[in-house]
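Please examine the sequence and the structure before reading each solution.

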Amino acid sequence: MPNRVLDLELPYAPTPKQAQAHMAKERFVLYGGAVGGGKSDWLCNEGVQLCLDYPGNVGFLSRHEAVSFKRTTLLTLLDFLPSQLIANHNKADQQIDLVNSSKIFYGGLGDDQTAIDRLKSLNLGWFGIDQAEETTESHFFMLASRLRLILPGIRYKGLLTANPEPGWVRDRFVDHSNPDHIFIPALPSDNPYLPTDYESTLRTLYASNPALIKALLEGNWDVTLAGDYLIPYSLIRAATARQVPDAGNCTFGVDVARFGDDETVVIVRRGLKATKIESWVKQDTTWTAGKVAEMARAESPTTIYVDEIGIGAGVVDPLRANRYNVVGVVSGEAARKAEVYANRRAELYCQLAEHFQDGSIVIPDHPKLSSQLSSIKYKFDTHHRKIIESKDDMRKRGGKSPDYADALMLAFSDFTPETVGRRGAASGGFIGRR
């Protein structure tokens, strides 16, 4: 690839698809969507070229886990970055200084607090996230907010690569046409530098798993790679497109924020349709209880379901004191069907999943709700009962607290065949915690 600034030939010859991504005018570019398309090669070389195009440019190259970044993306960067361009490489500070005064910082996003703290003070001209499906939309937003370096004629760029997965990357780049965003798909067949038997070998290897073939080799975002996601993304999208009238009793699901960056979410449900979503951050329980009461006066719910664990009790108690129908849900308590589910949380989420599976539920087309629902995983405990992945485990793999998904689960927590008649006849009197 010719260097347009220094008299130097970079050791990179882009494929036609890579060239298309290099020439993209949009600020935010997602490239890839399958294995073997040359995603990391494109990412590293586009970042280097931006540093060469604008002397004094500053970029940040990343992956969710710092260890994975050093074993993969960093090695690719160093393979393509000629030593003649490097003025200094400080591995301790994770910083590469180029001879034209440009800099490339690098590190992990999910487990590298030093890199994150440094980012808060950086002015960037570009950033790159390799395998963006591994990390969170919050990290993307944080990096996008750092595109503020002042240089003459600079083009700010946010560069991402990903494999097909349900979640925020798909929602932002594939399913919606967000301004200044572009998705450029690339398949193994688009990369002439692969071994001639690369794709055929993988097709043989994945023969017992058609989902892997469709996703990793054909770039199909409509399949789920891992078998342990509770609600397939295709069913979530179908639920957002379904049209039914608002009908039936009204209930609230309230998930109360536990941490500074988490959100308190209220979802209003009428029958099998979620009709409204309200959310807020950094409010105490007194304010939250007042807001829920205000919404209840407007919507007249028969029942308000609140996650009562921890800080949620501070919302349950004042609402009860004012005679609202409040059911405090304790997710860790025993399930009604204790032989099938490890706890009440697993039971309620599996109950919610059934509504998606039978095609009866309707939800708003809300990016955070769809992303969180598609990220819920399950497994089996030693007694062969289903259990939902904990919030702590979700954070460890780069997710956030599923505030919106939990609120929906709570809103639908009474909607089962055995309770429809009883709840349908409810008069709205105080019922307290079950």
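**Exercise 1.** Identify the ring over which the charged end of Lys386 sits.

*Solution.* The charged end of Lys386 is placed over the ring of Tyr378, 4.8 Å from its centre. The criterion is that NZ of Lys or CZ of Arg lies within 6 Å of the ring centre and within 35 degrees of the ring normal. Arg269 likewise lies over a ring face, that of Phe412, at 5.0 Å from the ring centre. This is a predicted model, in which local features need pLDDT of at least 70 and side-chain atom pairs count only at pLDDT 80 or more, while totals for chains, interfaces and linings use all residues. Residues are numbered from 1 along each chain as its sequence is written, and side-chain values use heavy atoms, with hydrogens and water left out.

**Exercise 2.** State how many aromatic pairs there are, and classify the pair of Trp280 and Trp287.

*Solution.* Rings of Phe, Tyr and Trp (its six-membered ring) pair if their centres lie within 6.5 Å; planes under 30 degrees apart are stacked, over 60 edge-to-face, and the rest tilted. By this rule there are 11 aromatic pairs. Trp280 and Trp287 are edge-to-face, with 5.2 Å between centres and 70 degrees between planes. Tyr378 and Phe380 also pair edge-to-face, at 6.0 Å and 85 degrees.

**Exercise 3.** Determine whether Trp280 is buried or exposed.

*Solution.* Buried means under 20% relative accessible area, exposed over 50%, and partly exposed in between (1.4 Å probe, protein chains only). Trp280 has 9% and is therefore buried. Trp287, at 38%, counts as partly exposed.
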